[in-house]
Amino acid sequence: MAKVLVIADIKQGALKGSTAELLSKAKAIGAEAAVVAIGSNLEALIPELANAGSDTQYIADDPGLELFSAGPYASCVVDAANQFGADLIWFSFSESGKAASPRVAAQLGAACATEITDVILNGDQVEIIRPAIANKVKQRVKINAERLVAVVRAGAFEATEGISGTENVVRLATPAADVKAVIKELISDATGEIDLADADIVISVGRGAKDQTGVDLIRALADDLGAGFGSSRAMVDGGFMAHNKQVGQTGKIVAPTLYMAMGISGAIQHLAGMNGSKVILAVNKDPEAPIFNVADYGIVGDLFEVVPLLREEIKKIRS
Amino acid sequence: MKILTTIKKVVDVELTINVEAGAIVEDGLQYVMNAWDENAVEATVQLKENNNAETTMVSIGGGEDNTKIIRRGFAMGIDNGIQIDDPTLTEADSSVFARVLQKVYEKEGYDLIITGKQAQDTDNGQTGIMLAEYLAIPCVSNVIAIEVLDDQHISVSRLGDNGTEIVALELPAVVTVTDSINEPRLPGMRGLMMAKKKKIDVMDLSALGTSFEEVGGTALKSEIVEFMKSETREAGQKFEGDAADITAKVVDLLVNEAKVL
Ligand SMILES: Cc1cc2nc3c(=O)[nH]c(=O)nc-3n(C[C@H](O)[C@H](O)[C@H](O)COP(=O)(O)OP(=O)(O)OC[C@H]3O[C@@H](n4cnc5c(N)ncnc54)[C@H](O)[C@@H]3O)c2cc1C
């Protein structure tokens, strides 16, 4: 039986839904599933880690692990992987996963795959599917090494309803701090707003919104709907939106039920972050904008006129 | 300070890419420098301008297109160019490339290695980080700012999951950069002319003092079996006309047809 070790995705002290998605996939392919949680003050998360679908919880809990440092983080994963005898080691789609996975693979002599969307087990043979070239193609990749370290693309796996696990805690020793790469400071980007990854509806603002007035206008629509508020790179570069709001290849990958692109042209690097959404609505004044090639519904018009109308219409149906 | 910058030739992602019988159709494709490597080159040249660095770039791969991107690196301001041209390396994985780069590093010794955070063709994002691991030197990925502190230390800013991390790095180190670190300069005519005259140091694996086997080429950890076309979305319904009318229509469709509102 294959053994899957899932690295718990913990953000601002909370366990993200992706952890249960990866554990569900592990069980769906008939594997034994364990989780490793790395950070500080994790005690309260242990029942949740079990409920997310794991049967063993490796816990590296130390104040020194509060701030992410790729070296010690990777050491904890390697330790857990060796203790568990993991064949497959899966990170959620995150910057920590992207930073730690190649280190873990190098240390374990394992294969490394980023942004996988599927895993196929054929006896002992493991194959994975992943997009490449900004999502323009997919690759089927055969794994030759005995172990595979992978980062799973956001939204690739679904959590099984009613999944559960058992509590069986193994404490990990705290690895030495990396004295050659010392984290001095974290400038937190926590805003209290809904995380794009958790949002059912994501509304993103593009250069078409021009300036702060346009951004505020669209933010009001997001507030009305309790939607996540994202951005194209143009508005991040312009200083109107924070880095952690960027949707696309260098930003977040989102797959909400409804994605609204407001004044976004639809460059492939943006599409790579949102074209897995269930339904896409685009508002753009250029009828030829490439975003309309992927939008289920398109409104050709000036967003400064359309967004207030959208708010009105939505208020009507909501009352 | 001696800086080594890695650059890779990638397919121009703006062009249509066709897949036939499990392979990418090469006909009509064009090749450019990986966008994130352009950021790496720009970061390197800025360090040179502000701190007197000696700069070298390395590219793995042969052919005209590869020479072209090295020339572009010269034109942007890099001093030296190394090209690892070995026919055995066409089917290599990130780990093999990292092993080759390790040899390049060990030949000369450098204080800082700057790479793009990933390549636009594979979107793997592994090589730079593995290289640091093989060299047992520190590494920070997804970097948006580099500041030289002294001969042995730099400070970098990294976009992490919870915000911007400020990390003090002891050299030698590897830094992988993302696109928001800078706006790569467009090389001017004069730079491009001068670049043509520069000598590229071309080496195969044996000239580098290694072999295909030693870099792990005969024991690939993974292999691409086939390429497939990605699922493309169909263009849906597009409405033009009176803004109030079409907005009401679309909201109605979102509620009653798509059932997402
Ligand atoms: C290596 C690399 C990585 C990248 N990563 C990302 C990424 O992660 N995310 C990302 O988004 N981009 C990324 N980009 C940038 C990407 O290529 C585009 O430049 C960017 O997405 C453009 O943003 P935009 O659509 O907001 O702006 P533009 O392309 O300028 O489009 C603005 C749109 O607004 C429309 N418009 C203007 N005024 C109005 C109005 N009043 N009402 C309605 N519509 C209006 C216009 O018709 C136009 O279509 C990356 C690029 C590179 C090279």
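Select Y297(A) and look across to chain B: its bridge partner in β15(B) is Q237(B). Now widen the selection to strand β18 (residues 297-300) of chain A and strand β15 (residues 237-239) of chain B, which run parallel and are joined by three bridges. Strands here are DSSP runs of E with at least two residues, helices are runs of H or I with at least four, and both are numbered from the N terminus. Two strands count as paired if DSSP finds at least two bridges between them.

A word on what is on your screen: this is a predicted model, in which local features need pLDDT of at least 70 and side-chain atom pairs count only at pLDDT 80 or more, while totals for chains, interfaces and linings use all residues. Residues are numbered from 1 along each chain as its sequence is written, chains are lettered from A and ligands numbered from 1 in the order in which they are written, and side-chain values use heavy atoms, with hydrogens and water left out.

Next, show the whole interface. Here 83 residues of chain A are in contact with 77 residues of chain B, contact being heavy atoms within 4.5 Å. The two chains bury about 6,900 Å² between them, 55% of it on carbon and sulfur atoms; buried area is the accessible area (1.4 Å probe) that two parts lose on being put together, summed over both.

Pick R103(A) and E133(B) now. Their side chains meet in a salt bridge, at 3.9 Å from N to O. The rule asks for a side-chain nitrogen of Lys or Arg within 4 Å of a carboxyl oxygen of Asp or Glu, and it finds six such bridges across this interface. Colour helix α4 (residues 95-108) of chain A as well: with nine residues, this helix gives the most to the side of chain A that touches chain B.

Then centre on the ligand, which lies between chains A and B. Of the 28 residues around the ligand (a heavy atom within 4 Å), R207(A), S232(A), T250(A), S265(A) and N284(A) come nearest.

- Q269(A): a polar side-chain atom lies 2.8 Å from an oxygen atom of the ligand.
- D302(A): a polar side-chain atom lies 3.0 Å from a nitrogen atom of the ligand.
- K285(A): a backbone N or O atom lies 3.2 Å from a nitrogen atom of the ligand.

For some backbone detail, jump to L171(B) and P172(B), joined by a cis peptide bond with omega about 0°. P172(B) sits in the loop between β11 (163-170) and β12 (173-177) of chain B. Over in chain A, Q12(A) has phi near 50°, a positive value in a residue other than glycine; look for Q12(A) in the loop between β2 (10-11) and β3 (14-15).

Last stop: D195(A) and K11(A), which form a salt bridge with their closest N and O atoms 3.5 Å apart. D195(A) lies in the loop between β13 (181-188) and β14 (201-205) of chain A and K11(A) in strand β2 of chain A, so the pair ties together parts that are 184 residues apart in sequence.

Key: A polar contact is a pair of N or O atoms within 3.5 Å; within protein, one must be able to donate a hydrogen and the other to accept it, and residues adjacent in sequence count only if both atoms are side-chain atoms.
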